[in-house]
Every structure is written in C-alpha cells, then in structure tokens.
Amino acid sequence: MVEHNGMDITSLNKYRSGPAVHPGPAKVKDVFIRGWSDYPERTSRLLSAQYGLNLFMMGSSLMLAFSHEGTPIHEEHVMVFMSGVMLIQLIWMLWYALKKFTVRRGVEQDIDVHAGPWYIRAGLTVLALLSLCLDVLRIGYYMGHRVCLDTRFGFFAFVKCFHTAAQVYFLWFHVCDVVMGLETFERFGVMHAIFTNLIVWGNGVMVESDHYLDLALAFVNFTVDAHVPDCNCSSGICTAYTKSVYYLYPFNVEYHVIVSAILFCMWMNIGQILEHQIPRGTTKVKPVAVIIGPVLGVLALCSTIAVLVIYLSKMGGNTETRDWAISMFYIYGIVMLFSMSVAAIVGLLFYRMDHSRLDNLQITSRGLDAHLLFATSMGAWLLSWCSIVAVLANPTYESYRWTNFTYSLLMVIEKYVQNLYIIEALYRSAGEGATEPPSQVFSVTTPDASHNGAVNPAFEDQEAGASHGASHEHEQAQPPLPPGPNPERPSPDFLRVKQEALKNVSIFLLLCNVSLWIIPAFGCRPQYDNELEQETFGFEMWTTLVNIAMPVNLFYRMHSVGALFDVYIRV
C-alpha cells in the first residue's frame, strides 16, 4: 500500500518475514554503467581546474628559477615552455572552430550574452592591437640580431604574434558559447587557455618587476628584455623596439589577464542550460545630459598626465627635488581618491533612495565581476595598511609623512565605497520600475536533474497537477492587465534625475580609474622611491610586497573600468 506522499509503508518494517529482495544483475549493471559514465562529467570541472593550476605552477617555477642569478635555467627555456603552451592553445582553438563549423552547422548555438559584451571585446581588441605592435617589433628586433641570437627567441616571437591574433578571433566569435557536447575535453581546453594567458601575464609582471627593481638600485643600463645581444642590429627596427617597449608592455600585460577572466566565464558556462526569465520592464525617461562627469573625468585625466611627466622628470634630481615630487604625487592622489569616494557615495545614495528589488538572476559574469573586485582590492589594501603602519611606527620621520598617511587611508576607503557602488549598480540596473510589457531574456544557470533543457521558473507551477495546471493555463491565456498605481514606484522626474546623476558618476569614476591605472603602469611608483616603508619593513620585504600587490592593483583598475562602463550602459 502506498500513501499519498508516495512512501511505501511496507518498507518501514525492516524486520518483516519473507525472502529478501535483491536487485537483479541487469539493474546492478545498469547502475554501475550509468555511474561510471557520469563520473568524468561530474568531476571534469575539478580535474581541469587542478590541471590548470599545476600548469601555472610549472611555468611559475621556471620563471622563478630563471630570475635567480647563476641558475642553469635560462631565458631560452622559459620561452620554449611558453611557446609550447601557446601552440597547444592554438591547436585547441583551431579544433574548436572547425568542430563548430562542421559538426554543428545549421544547429542553433546557445550563447551567454553576459559573458563577453561587445564593448568588453572591443576594449580587448584595442589592447590586442597594441600587443600585436609589440610582437611585430619584437620579431624585427630578433631578426636584426639573428646572427647572435638563438633561433628559439625568434620562434617565440612568431608564436606570440600568431597567438595574439588568433585569440582575438576566438574572443569575438566563440567566447560567449555555451558548450553542451564533449564537456570534459572542452573544460580542459578552456582551462589550458586560461592559464596560458596567466603564464604570459606572470612573465610580463616579472619582467616589469625586475625593471623597476633595477631602477630602484640605480642600474641605468637596463632594458625590458633580460637577454642583451652581443652583436649589432642590422635593422633600424631595433631602435624602435627599445624605445616603444616601455610604453607598450603595460597594455600587453593587461590584455592577457583580462582575457583569462573572460575565458573563465566560458569555462563556468560549459554544461550549463539557458534559463528563461521574465524580468520587470523599465520605465522610459527622457534622454539626460551627461556633461559634468566627462568634464571632471577629462580634467582628472589631464592632471594625471601632467603629474606623471613632472614626477618622472624630477625623480632624477637631488633629494629635495625627489621629496617634492613624491609629496606632489600624494597630494594629487588625495584629491583624486577623495573625489572618487564622494562620487561613489552619491551614487550609492541614489540607489538607496530607490526601494526597488534587487535583480536576483544568476549570471556567471556578474558574479565573477563581484568576486574579482573584492579579491583584487586586497593588493592596494595591503600596501595601504603597510604604509599606515610605517607612518605610525616612525614618528620622527617628517618628509611627506602625513600626506602618505592620508593617501593610504583614502585608498582603503575609496576601494571600499567604489566596490559597493559597482556591485549595487550591477544588481540594480536590470529592471527598475515596471511600466512596459516585460521581454524575455536568457541567463545561464547550473543544470538541474529535474529539467532537461530550458527552464522557465514563471511556469514551473504547471507541473503541480492536472487540475491546477488547467486553471493555470486559463490564467496564462488571459491578456495582461495594465499596471495600476503603485505608491512605491518612483516618479519619472526622480528617475530622470537619478539616471543623469548615475551616468555622470559612472563616467567620472571610469576616467579616474583609467588615470589611476596610467600612473603606476608608466613608471610613477612612489612605493619604490619612498624610503619610509623600506625603513620599517626592510628593502627586500617591501620590494617583494610591492612586486606582488602592484600588478593586482593594476588589474583592479582595468577591471573597474570595464565594470563601470557596463554600469554606464545599463543605467
């Protein structure tokens, strides 16, 4: 006898008499085969993640060994390793493109539009073009020294150039795909691509760190490439390479780390299913004037360039001139960070004045944005708190002491409120108000065993029963009623003021983050020139901290630029 809840009450008496019932051999075989076939699928994410981490650790060990003086590991070994992993990624991207063109031709491909918006891919294309310029110049540089340079240097330059071009194509046409077939193989392929870019990024970070470390030690004759040829260049492109590499290298470094983040979204989407959601409509407001934010942002950008030029020109002077340049930088930073904090707080207040519900749609890229903002903030927070401790531990140190303290404290506050503003905007920008008929959008969610295909939560109740389903279908067949008055709904005038304020705040913060990326990316790093922290933590310890935290902070600024542009578009 079976009760209404579906439980067999005879199974409750485990001491009942009678022969025991055992599953037949066919049933056991079916369960075994099904469990064995599901095993790779259920663990492929964990296995591919461990593969990627070990690949990165292998590359990091080679680069760390090469950085040590007198090691048997040379630059040629690092370049051969990076060339190998890039070639494997190229083979996988070619296989993926051919498979999609042949096997799935004529079949509609599911895509996650949030994984790689057009403006993110457009920005990456600009960075890729600048990286290609560096790659082409590197090819010319090694061709000019081919008499005395190993062939592996030239091979790496050609592979790097082709890798950058092919990866841009892959990002434009395939990064938004939601892979549903050969999921285990595809997870390993995407994970290999992620950590290949991270290896190239790590190599660039180490090269830049060595560059600034040698500048701090007053080694003047230093080039970005550690290998200095023993012969003269036979082409004029070598001079162009040595002069431009200093300005193009930061773009190359940022390109690879941002590509890794976008590919991670593709890896997370493998095996996912599209979820149909019926979001709230949006209230149309008149176009707003976005003037104050761009004007103040351009003013901040111009002042940044001026501070950068003055700082670099004054650091070669005497001690008094250097101290003046460092103080000028801290004053500039205090004004920038205070303005950004005020702007972010204003944006947060506008969002808190609107009591509309948060958008709880599970979007992979949005969740990744939030995690990356918090994770990469720790780099600047670490340096800031170290500077605060150094100021408080050296009460007799007078030069630029309190400006450094104020700058470091504002750095902590600015990142705190900016992260809150960006996360709030990303979760509030979709569907505020509801006066227009809603439209159907798609997102990617984790597959559920009870659903085979697309999930529509708005109609899940249809499965409750036949009678309930019939009445539910009758209700769905009725035309939607016009929205009635809602006292909690904000007025169009308030929405217009809010939209104007948030767009100005977003574009201002965007340009300020660009400014704060330019400053350290092109050589204005008072952390190396400020002797206050070195006296507290020691030269080696402080230099190590800066070398670790500064690349993370650079990525934070560039990632914030992309997130703020996303907010600006959505508002």
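Ring pairs join Tyr-311, Phe-329, Tyr-330, Tyr-332 and Tyr-407 into a cluster. The model is predicted, and its aromatic pairs number 26.

**Aromatic pair Phe-251 and Trp-517**

- The ring centres of Phe-251 and Trp-517 are 5.4 Å apart and their planes meet at 50 degrees, so the pair is classed as tilted.
- Phe-251 belongs to helix α6 (residues 237–269) and Trp-517 to helix α12 (residues 492–521), so the pair ties together parts that are 266 residues apart in sequence.
- Both Phe-251 and Trp-517 are buried.

**Charges over rings**

- Arg-45 places its charged end over the ring of Trp-267, at 5.5 Å from the ring centre.
- Lys-503 has its charged end over the ring of Tyr-568, at 4.2 Å from the ring centre.

- His-559 is located in helix α15, which spans residues 539–570.
- The relative accessible area of His-559 is 11%, and because buried means under 20%, His-559 counts as buried.
- When residues up to four places away in sequence are not counted, His-559 touches Asp-369, Leu-372 and Leu-373.

Conventions. Residues are numbered from 1 along each chain as its sequence is written. This is a predicted model: local features need pLDDT of at least 70, side-chain atom pairs count only at pLDDT 80 or more; totals for chains, interfaces and linings use all residues. Side-chain values use heavy atoms; hydrogens and water are left out. Rings of Phe, Tyr and Trp (its six-membered ring) pair if their centres lie within 6.5 Å; planes under 30 degrees apart count as stacked, over 60 as edge-to-face and the rest as tilted. Helices (H or I, at least four residues) and strands (E, at least two) are DSSP runs, numbered from the N terminus. Buried means under 20% relative accessible area, exposed over 50%, partly exposed in between (1.4 Å probe, protein chains only). A charge sits over a ring if NZ of Lys or CZ of Arg is within 6 Å of the ring centre and within 35 degrees of the ring normal. Contact means heavy atoms within 4.5 Å.
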